Amino acid sequence: MPHVIVEYTDNLNDRTNIQDLLEKINRVLVSRRDTYPIGGVRVRAYEVNHYHIADGKEDDAFVHVTFKIGKGRSEEVKESTCKEIFGVMKEHFSALFEKHYLALSLELVEFQHKTYKQNNIHSRFK
């Protein structure tokens with residue numbers, strides 16, 4: 001953990017670089033290596049092809065980020081990480097936001113139960 005899942009409407013493909021956004025979000029988490037082990041960081045995106053936004057009369061777009069982490073981090077750490085990721089999102093889309101209808105959102109999901117995983121990527125960062 002953490003996992004970051006970016007959902008974005010397909011009408012953004014010609015207007016922004018989603019891979020660049022993923023790399024920026026990844027850098028936020030990697031820079032916090034004492035809180036989020038690098039070997040557990042996963043950042044991915046899914047293009048949404050079927051959607052209906054608001055009244056459907058404009059070429060509206062959205063980007064929704066789900067940030068999933070295991071339990072145990074302080075409220076301050078969770079809040080500062082979310083604010084930094086959301087800041088990256090706002091900066092990435094700032095020019096587009098000025099000329100296009102766009103909804104940005106970020107949701108924190110903290111697992112309350114044990115997760116089951118096997119990962120040998122961590123060994124590269126010891």
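Predicted model: local features only at pLDDT ≥ 70, side-chain atom pairs only at ≥ 80, totals over all residues.
The protein chain contains three helices and four strands. Along the sequence, these elements follow the pattern β-α-β-β-α-α-β. The C-alpha atoms fill a box of roughly 50 × 30 × 25 Å along the principal axes. Of the 126 residues in the protein chain, 37% are buried. Among contacts with a separation of 6 or more, 82% join residues 24 or more positions apart. The chain exposes about 8000 Å². Carbon and sulfur atoms supply 48% of that area.

In soluble globular proteins, nonpolar side chains tend to be buried together. Here, the largest nonpolar core has 25 residues. Val6, Val63, Phe67, Phe93 and Leu102 have the most contacts inside this core. The most comes from H1, with six residues. Val6 illustrates the packing. Beyond residues up to four places away in sequence, Val6 touches Leu21, Leu22 and Ile25, as well as Arg44, Ala45 and Tyr46. Val63, His64 and Val65 are also among the residues that Val6 touches.

Charged side chains were examined next. The protein chain has 19 positive and 19 negative side chains. The centres of the two sets lie 11 Å apart. Six salt bridges are found in the whole structure.

One of these salt bridges pairs Arg15 with Asp59, with the closest N and O atoms 2.7 Å apart. Arg15 lies in the loop between S1 and H1, and Asp59 in the loop between strand S2 (42-48) and S3, so the pair ties together parts 44 residues apart in sequence. Arg15 is partly exposed, at 36% relative accessible area. Asp59 is also partly exposed, at 38%.

Another salt bridge joins the side chains of Arg32 and Glu84, at 2.8 Å from N to O. Arg32 sits in the loop between H1 and S2, and Glu84 in helix H2, so this pair ties together parts 52 residues apart in sequence. Arg32 is buried, with a relative accessible area of 18%. Glu84 is partly exposed, at 32%.

Lys78 forms a salt bridge with Glu110, and their closest N and O atoms are 2.9 Å apart. Lys78 belongs to helix H2 and Glu110 to strand S4, 32 residues apart. Lys78 is buried, with a relative accessible area of 7%. Through salt bridges that share partners, Glu75, Lys78 and Glu110 form one network.

How values were computed. Residues numbered from 1 in each chain as written. Heavy atoms only, no water. Core = buried A, V, L, I, M, F, W, Y, C linked by side-chain atoms within 4.5 Å. Buried < 20%, exposed > 50% of the residue type's maximum accessible area, 1.4 Å probe, protein only. Helix = DSSP H or I, 4+ residues; strand = E, 2+ residues; numbered from the N terminus. Contact = heavy atoms within 4.5 Å. Areas by Shrake-Rupley, 256 points an atom, 1.4 Å probe, with all protein chains shown as cover. Lys, Arg positive; Asp, Glu negative; His and termini not counted. Charge placed at Lys NZ, Arg CZ, Asp CG, Glu CD. Salt bridge = Lys/Arg side-chain N within 4 Å of Asp/Glu carboxyl O.
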